[in-house]
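Hi,

Here is the structure I promised to pass on. Have a look at it first, and then read on for what turned up.

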Protein chains: 2
Amino acid sequence: MGKALVQNASRIIDENARDLNRAKRSGLSGALIDRLALSQPRIRDMAESLFQIAKLKDPVGEVIETVKRPNGLLIKKVRVPIGVVLIIYEARPNVTSDCIGLCLKSGNAVILRGGSEAINSNIAIFDILNKAASRHRIPGHSISIIKHTDRILVDELLKQAALIDLAIPRGGESLIREVAKRSRIPVIKHYKGVCHTYVDEGAGLSMAEEICFNAKVQRPGVCNAMETMLVNRRIAKRFLPSMIRRFRDAGVQIRGTAEVKRIAGDIRLAKEGDWYEEYLDLILSVKIVKDVDEAIRHIMKYGSYHSDAIVTEDRENAAKFLKEVDSACVYVNASTRFTDGGQFGKGAEMGISTDKIHARGPMGLEELTSYKYIVYGSGQVRK
Amino acid sequence: MGKALVQNASRIIDENARDLNRAKRSGLSGALIDRLALSQPRIRDMAESLFQIAKLKDPVGEVIETVKRPNGLLIKKVRVPIGVVLIIYEARPNVTSDCIGLCLKSGNAVILRGGSEAINSNIAIFDILNKAASRHRIPGHSISIIKHTDRILVDELLKQAALIDLAIPRGGESLIREVAKRSRIPVIKHYKGVCHTYVDEGAGLSMAEEICFNAKVQRPGVCNAMETMLVNRRIAKRFLPSMIRRFRDAGVQIRGTAEVKRIAGDIRLAKEGDWYEEYLDLILSVKIVKDVDEAIRHIMKYGSYHSDAIVTEDRENAAKFLKEVDSACVYVNASTRFTDGGQFGKGAEMGISTDKIHARGPMGLEELTSYKYIVYGSGQVRK
């Protein structure tokens with residue numbers, strides 16, 4: 001399937017050009033057009049993702065647990081596919097091939113419903129991959145695409161709880177909220193990442209500076225980038241001036257409290273709404289806190305339970321933070337940017353779940369499976 | 001808390017009497033009144049369940065998986081509570097204490113919303129357990145009960161996706177369907193159990209007879225009892241006459257196909273609707289099938305993906321059945337009646353999930369937890 005993508009790259013690029021033309025005519029933003037645009041290198045990247053997925057261990061059939069009961073029953077908990085997975089996504093055509101690869105590898109059938117902006121690109125990618133799959137005896141209809149982009153079809157799909165086992169919306173927060181609200185199918189949600197780094201009084205300050213800089217600047221447009229930096233009052237005067245200078249030199253706009261402004265000079269004052277904001281940009285909220293408890297309270301109030309870090313050499317404060325911050329991924333002395341299926345050793349990912357049901361944090365192949373119990377007896381009956 | 005139940009049994013029985021009086025005046029069925037009625041022995045059973053739960057291993061904090069990454073990051077996947085669990089149930093007051101015990105032991109806060117029929121019993125049980133919990137420094141509001149039984153409050157609760165993490169309806173199918181339809185909170189569903197036993201041509205016939213008899217007769221009113229028996233044509237004439245005689249002697253009404261009738265004599269003919277039916281009673285549907293494939297097709301068409309068994313000494317047919325029947329629990333050579341948290345070694349159970357998301361089959365303490373990733377670094381940043 002990966003090879004078929006590369007071999008048919010020019011057809012994909014032609015269909016993508018139709019989407020791009022329409023997008024430009026309808027005045028789509030530059031950022032969205034960039035997400036939509038495909039090129040030979042981008043198609044090679046899509047193929048490379050499929051090659052990577054192909055190499056991963058097959059999760060289906062894995063025995064998760066074995067229990068031998070006193071009555072002789074042998075109970076095996078075995079990983080099985082979920083069944084039919086519906087993916088609802090927006091303008092990124094690479095989602096089409098990634099999701100086909102991940103669902104197929106985990107033994108699931110997949111129904112794709114991408115945004116109208118990318119519909120020609122998506123249909124071309126689907127068609128190429130589906131034909132390659134059929135040639136290798138993947139059962140028909142294992143991969144399906146919804147070619148009509150009317151919204152009403154999504155509503156109908158989301159009612160088919162008897163036919164579809166799981167819905168995964170991939171895209172902006174408003175898409176996800178809409179799907180979650182209307183679906184009768186279980187939904188795994190990937191809401192925003194309002195990620196924090198708390199620089200504790202026990203932090204090594206040069207390590208803290210490297211971690212915070214990386215978490216904000218290395219790739220600001222993604223959900224695991226830091227949006228708010230919390231700094232312990234006792235080290236604020238030693239830490240903040242050089243840290244903020246470095247951020248400014250990298251083009252980061254700082255929005256801080258009055259206390260931060262007194263220490264760091266000319267910054268914008270943060271408004272209440274800033275603490276909830278996922279900027280996805282070179283903007284950072286900064287606040288000074290009394291201690292680890294105040295940091296935890298801030299994160300639990302304003303955060304999105306995605307990824308949050310403490311920088312400290314103090315074991316007690318680290319333990320408290322790791323225990324009490326109820327986020328999918330909590331870090332001590334590392335950048336929040338590591339919240340990623342590849343970085344976690346999962347090989348590939350469907351996204352980062354901010355849910356607590358079924359899958360939390362990076363969703364790899366295992367998180368796209370369910371399980372069943374296989375029970376081996378020799379005539380046992382219940383007394 | 002268990003001791004407090006026993007010590008206050010007479011208060012619970014007084015409140016239960018109020019519920020019973022109202023139930024009798026309003027003409028509730030005998031079966032429902034039996035479920036509602038509490039007595040000293042039943043209250044001791046409720047207390048005993050709590051003592052059992054107390055003895056179970058604490059699931060919270062368990063390290064499920066540890067990964068050391070090449071960059072030195074140490075990633076621990078750790079079991080954590082889900083958060084706030086809403087239980088919606090019907091007329092059985094013992095659900096009140098069971099759910100409080102299971103949720104508390106797994107670190108979750110619980111909101112109970114029981115049926116109006118048992119409201120006085122439920123409030124008494126809640127009040128006794130909640131007071132005992134407070135005396136032992138369980139945080140306030142860890143256990144809550146909805147004292148008003150207006151339906152509209154349930155609708156409001158099911159919209160509180162920001163405050164409640166999981167809804168578990170316990171009761172009849174219509175209650176569960178209503179909750180699933182209206183909830184914006186993730187729901188784990190416990191639908192009906194239309195359980196099958198398939199007697200293969202390779203079955204030891206006396207073992208098959210014991211297993212089928214147990215699966216139907218030992219306790220017919222529960223979800224893991226057999227509702228349909230499928231028999232391979234090649235052994236039907238040897239197996240069915242004595243099997244059906246034994247069922248009849250135990251008071252089981254047989255509903256079979258014309259072919260079954262020819263072999264087993266005077267039985268009722270099954271209608272199409274019978275194959276979908278969860279009788280929960282001494283009634284059994286019987287069908288003769290050509291082979292294991294036809295048995296699997298029948299089960300996947302009419303079953304409820306709960307518990308299904310094959311009786312056979314043929315390894316190939318057993319393997320095929322275990323692989324292709326997509327039910328929560330699949331058995332070879334044992335009674336479906338073993339689908340139960342206690343029988344599976346889980347110690348206690350919240351019910352039997354027929355869902356494939358988050359929890360499938362018997363739900364014990366582990367299934368009432370989520371997880372988070374704790375990542376230990378030494379200054380790692382993303383390249």
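Before the details, one cut-off: two residues count as being in contact if their C-beta atoms, placed from the backbone, lie within 7 Å. Please also keep in mind that this is a predicted model.

With that in hand, let me start with helix α8 of chain A, which runs over residues 173-182. Its buried residues are I176(A), V179(A) and A180(A). They take up an arc of only 100 degrees around the axis, so they sit on the same side of α8(A). What lies over the buried residues of α8(A)? The cover includes the strands β3 (84-89) and β6 (166-170) of chain A. The other side of α8(A) holds the exposed residues S174(A) and K181(A).

Buried in α4(A) are I43(A), M46(A), A47(A), L50(A) and I53(A). Their arc around the axis is only 115 degrees, which means that they share the same side of α4(A). They pack against three elements of chain A, namely α1 (2-7), α2 (9-25) and α5 (94-105). Turned away from that buried side is a face with the exposed residues Q40(A), P41(A), F51(A) and K55(A).

Stepping back to chain A as a whole, its secondary structure comes to 13 helices and 16 strands. The C-alpha trace spans about 70 × 70 × 35 Å along its principal axes. Of the 383 residues in chain A, 50% are buried. Among contacts in chain A with a separation of 6 or more, 69% are between residues 24 or more positions apart.

Now for the pair of chains. How is chain B laid on chain A? A turn of 180 degrees with a shift of 0.0 Å along the axis does it, with an RMSD of 0.0 Å. The two copies are therefore related as by a two-fold rotation axis. Both copies use the same surface, since 100% of the contact residues of chain B recur in chain A.

Notes:
Residues are numbered from 1 along each chain as its sequence is written. Chains are lettered from A and ligands numbered from 1 in the order in which they are written. This is a predicted model: local features need pLDDT of at least 70, side-chain atom pairs count only at pLDDT 80 or more; totals for chains, interfaces and linings use all residues. A residue is buried if 20 or more other C-beta atoms lie within 10 Å of its own, exposed if 12 or fewer, and partly exposed in between; C-beta atoms are placed from the backbone. Helices (H or I, at least four residues) and strands (E, at least two) are DSSP runs, numbered from the N terminus. The arc is that of the directions from the helix axis to the C-beta atoms. Copies are superposed by least squares on the C-alpha atoms of residues with pLDDT of at least 70 in both.
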